[in-house]
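Subject: Structure handover

Dear colleague,

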Amino acid sequence: MSDTLSRLRAELIAAGQFFHSRGWVPATSSNFSARLADAEILITSSGQHKGRLDEGGFLRADLQGVSLDAGKRPSAETGLHTVMYRRDPAIGSVLHTHSVNATVLSMRLDQVVFDGYEVQKAFPGVETHEGRVVIPVFPNSQDIPALAAVVDAYLDANPHTVGYLIRGHGLYTWGVTVADTQRHIEALEFLFECVYRQMLLDR
Ligand SMILES: CSCCC(=O)C(=O)COP(=O)(O)O
Ligand SMILES: [Zn+2]
């Protein structure tokens, strides 16, 4: 067992515990991954409770989503992780969560726009609150390869995107490290809460 695998697995377990403490990974929802090598990732196996992960809750997969650990079934949404690792060799982690705010906003909006918030600076390349960060909302689908193709095409046209929502489903974001990606989840959740509260005030 490599040191890298042990370290990344521990980081993903800790991320799951943090997200669970915040109510962002209910039931067996959500999935987490990290890059082990150029063409290999560590990903949660399907059906695990992501707040109570242990060492057995992970497997290695290739960038086509094929399990490299016999008998272990990767997340049903592995294709939404592997599309990101194939897109950008700098991406080292992809995290997916199912918070109430992300889910509710995705049912009401076609995109979530953050504008004027200092916390926007949590995202790579953002150095001021003066500017818009757009989080697109894609229709949900059980056809993960088709959904991954929609995401891929959107990111081709909008390469500075930091995350996306799937309608009625949840949030995906990515980063260079697990810590970076966890920060993106936390910032996005803070900003979703701000947008949600603003919508209530504006009614
Ligand atoms: C119980 S939530 C439905 C599945 C889902 O959206 C999810 O994120 C978890 O799927 P996995 O196969 O990764 O456990
Ligand atoms: Zn999901």
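Serine 30 sits in the loop between H1 and E1. Keep in mind throughout that this is a predicted model. Phi of serine 30 is near 85°, a positive value in a residue other than glycine. Most residues other than glycine have a negative phi. Serine 30 has a relative accessible area of 3%, so it is buried.

Alanine 27 belongs to the loop between helix H1 (3–21) and strand E1 (31–37). Its phi is near 55°, again a positive value in a residue other than glycine. Is alanine 27 buried or exposed? With a relative accessibility of 58%, alanine 27 counts as exposed, whereas serine 30 is buried.

Metal site

Which residues coordinate the zinc ion (ligand 2)? The donors come from Glu77 (OE), His96 (NE2), His98 (NE2) and His169 (NE2), at 2.1 to 2.6 Å. Along the sequence these donor residues follow the spacing E-x18-H-x1-H-x70-H. Histidine 96 and histidine 98 are buried.

The arrangement of the 6 donor atoms is irregular, because the angles they subtend around the zinc ion (ligand 2) run from 69 to 172°. For reference, ideal angles for six octahedral donors are 90 or 180 degrees.

Largest pocket

The largest pocket has a volume of about 630 Å³. Its lining consists of 28 residues, and those nearest its centre are Pro124, Pro159, His160, Thr161 and Val162. By residue class, the lining divides into 13 nonpolar, 9 polar and 6 charged. At least two lining residues come from each of helix H2 (78–87), strand E6 (132–138), helix H4 (144–157), strand E8 (170–175) and helix H5 (178–202).

Aromatic pairs

How many aromatic pairs does a search of the whole structure find? The search gives 9. One of them joins phenylalanine 18 and tryptophan 24: the ring centres are 6.0 Å apart and the planes stand at 90°, so this pair is edge-to-face. Phenylalanine 18 is partly exposed, at a relative accessible area of 22%, while tryptophan 24 is buried at 9%.

Another pair is made by tyrosine 164 and tryptophan 174, with ring centres 6.1 Å apart and planes at 40°, so the pair is tilted. Tyrosine 164 is in strand E7 (residues 163–166) and tryptophan 174 is in strand E8, so the pair ties together parts that are 10 residues apart in sequence. Tyrosine 164 has a relative accessibility of 1% and counts as buried. Tryptophan 174, at 11% relative accessibility, also counts as buried. Both residues belong to one aromatic cluster, formed by Phe138, Tyr154, Tyr164, Tyr172 and Trp174.

Loop between E7 and E8

Arginine 167 is located in the loop between E7 and E8.

Regards

Definitions and conventions: Residues are numbered from 1 along each chain as its sequence is written. Chains are lettered from A and ligands numbered from 1 in the order in which they are written. This is a predicted model: local features need pLDDT of at least 70, side-chain atom pairs count only at pLDDT 80 or more; totals for chains, interfaces and linings use all residues. Side-chain values use heavy atoms; hydrogens and water are left out. Donors are N, O and S atoms within 2.8 Å of the metal (3.2 Å for Na, K and Ca); water is not among the atoms, so sites may look incomplete. Four donors count as tetrahedral if all angles lie between 85 and 135 degrees; four count as square planar and six as octahedral if opposite donors are over 155 degrees apart and all others between 65 and 115; anything else is irregular. Buried means under 20% relative accessible area, exposed over 50%, partly exposed in between (1.4 Å probe, protein chains only). On a 1 Å grid over the protein atoms alone, a cavity is a set of points where a 1.4 Å probe fits but cannot get out, and a pocket is an open set with protein on both sides within 12 Å along at least five of seven lines; lining residues have an atom within 4 Å of a point. Grid points are joined across faces, edges and corners, and a volume is the space filled by probe spheres set on the points. Helices (H or I, at least four residues) and strands (E, at least two) are DSSP runs, numbered from the N terminus. Ala, Val, Leu, Ile, Met, Phe, Trp, Tyr, Cys and Pro count as nonpolar, Asp, Glu, Lys and Arg as charged, and the others, Gly among them, as polar. Rings of Phe, Tyr and Trp (its six-membered ring) pair if their centres lie within 6.5 Å; planes under 30 degrees apart count as stacked, over 60 as edge-to-face and the rest as tilted.
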